[in-house]
Amino acid sequence: MNLSRGAAVLTATVIAASMLTTAATTAAPSSATSATSGSSAAGKHHHGQREVRFQTFNASLNRASAGELVSDLSTPDDPQAAAVAEIVQRTRPDVLLLNEVDFVPGGKAVDLFRKNYLEVGQHGARPIRYHHTFVAPSNTGVPTGHDLDNNGSVGGGNDAQGFGEFEGQYGMAVLSRYPIDRKQVRTFQRFLWKDMPGSLLPTDWYSRAERADLRLSSKSHWDVPVRIGRETVHFLVSHPTPPTFDGPEDRNGRRNHDEIRFWADYVSGEDYMYDDRGRTGGLDRRASFVIAGDQNSDPADGDSVDGAIQQLLDLRQVTDPLPRSAGGREAAARQGGANALHVSDPAYDTADFADTAPGNLRADYVLPSRDLRVRGAGVFWPVPSDPLSRLTGEFPFPSSDHRAVWVDVAVRGR
């Protein structure tokens with residue numbers, strides 16, 4: 001979610017908490033300092049397994065006009081990009097999803113971010129290198145030719161396939177220390193919403209012609225296979241639309257629900273989906289995977305459709321590692337407002353939204369398949385007394401209104 005369109009949602013289930021007390025909660029760092037005091041999980045081996053850190057970070061590396069991000073990243077002195085890079089250097093993920101990176105054909109923006117920021121030590125942090133990246137087009141800003149918001153005119157972000165003032169705004173990118181099996185990558189940018197059985201597509205809002213053209217993904221859904229030794233882990237990434245900026249028809253809330261549902265169906269053996277190459281079917285049920293992204297949905301608070309994120313959290317194939325931070329809990333208590341009315345434990349919050357509404361929420365998730373044993377998890381949200389709190393701050397944020405979220409998992413084989 002971006003600052004101008006921000007709204008999302010928070011926390012984890014009591015059942016999942018009881019199942020993961022040792023594997024996830026005690027292993028999760030309680031502060032930014034403890035999270036970054038040693039090396040990352042990369043390269044650690046235990047009894048024929050290696051630990052791998054998967055991370056999602058809505059980095060707000062979006063800009064107001066096409067070409068602006070490339071301009072900003074062409075020099076090493078953009079303060080927001082430097083803060084984002086330092087967070088990545090401090091947390092040191094092995095496989096990273098960046099949400100809200102404007103898509104530029106050929107991956108130029110991501111390459112500049114790597115060269116001028118990630119591979120340059122920021123404020124004493126060690127440089128980090130990702131030799132493997134994946135970017136692809138986003139539905140944001142792609143014209144539909146329809147009046148999707150029913151305001152009497154056609155054009156602009158609200159009438160695009162996904163909200164965006166230009167094509168590719170608020171896109172995403174995957175960066176990896178491990179090889180990406182590019183031939184087996186699947187993208188679902190063009191999958192039509194109407195082709196999801198039992199979808200929540202509001203037929204009383206969209207015309208027949210609009211329903212025939214409207215895609216499910218507000219950005220895209222990608223299955224990015226990462227080769228880790230002899231094993232493959234499918235990195236299933238997306239960024240569903242915020243469930244707000246609509247009316248009583250709740251068209252964005254419904255779309256958010258179904259964008260989340262897509263991955264639940266994909267890993268559960270459903271076969272209705274088709275990718276952009278025309279291949280059909282979901283993921284092999286024996287495959288290892290990690291679902292990641294800014295899902296814009298919280299289990300208990302915020303504006304999403306009831307049960308939206310539970311479609312993933314309640315899957316028997318998935319572990320919720322319950323990443324937490326001390327900073328999230330401290331911020332909710334200090335900021336008050338809507339936070340005082342929330343049901344969920346703010347230690348699980350991942351986004352610092354407006355205090356009036358919706359308050360701070362759990363919006364960002366990294367959910368591994370159950371065959372990947374969780375070794376630890378965390379949210380990069382330092383308390384104000386931590387020197388690294390300068391990287392997160394409060395509005396106007398030095399980096400992003402979202403926090404980096406990670407899970408460390410054990411992957412079989414060397």
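## Arg186 and its partners

The side chains of Arg186 and Asp275 are joined by a polar contact of 2.7 Å (a pair of N or O atoms within 3.5 Å; within protein, one must be able to donate a hydrogen and the other to accept it, and residues adjacent in sequence count only if both atoms are side-chain atoms). This is a predicted model, where local features need pLDDT of at least 70 and side-chain atom pairs count only at pLDDT 80 or more, while totals for chains, interfaces and linings use all residues. Residues are numbered from 1 along each chain as its sequence is written, and side-chain values use heavy atoms, with hydrogens and water left out.

The Arg186 side chain also reaches the backbone oxygen of Gly281 at 2.9 Å. With 9% relative accessibility, Arg186 counts as buried (under 20% relative accessible area, 1.4 Å probe, protein chains only).

## Aromatic pairs

Let's turn to the rings. There are 15 aromatic pairs, counted when rings of Phe, Tyr and Trp (its six-membered ring) have centres within 6.5 Å; planes under 30 degrees apart are stacked, over 60 edge-to-face and the rest tilted. Phe54 and Phe235 make a tilted pair, 5.5 Å centre to centre with 45° between the planes. Both Phe54 and Phe235 are buried.

Phe188 and Trp263 pair edge-to-face, at 6.4 Å centre to centre and 90° between the planes. Phe188 is buried, with a relative accessible area of 1%, and Trp263 is buried at 0% relative accessibility. Phe188 and Trp263 also belong to one aromatic cluster, together with Phe191, Phe262, Tyr266, Tyr272 and Tyr274.

Technical notes. Buried means under 20% relative accessible area, exposed over 50%, partly exposed in between (1.4 Å probe, protein chains only).
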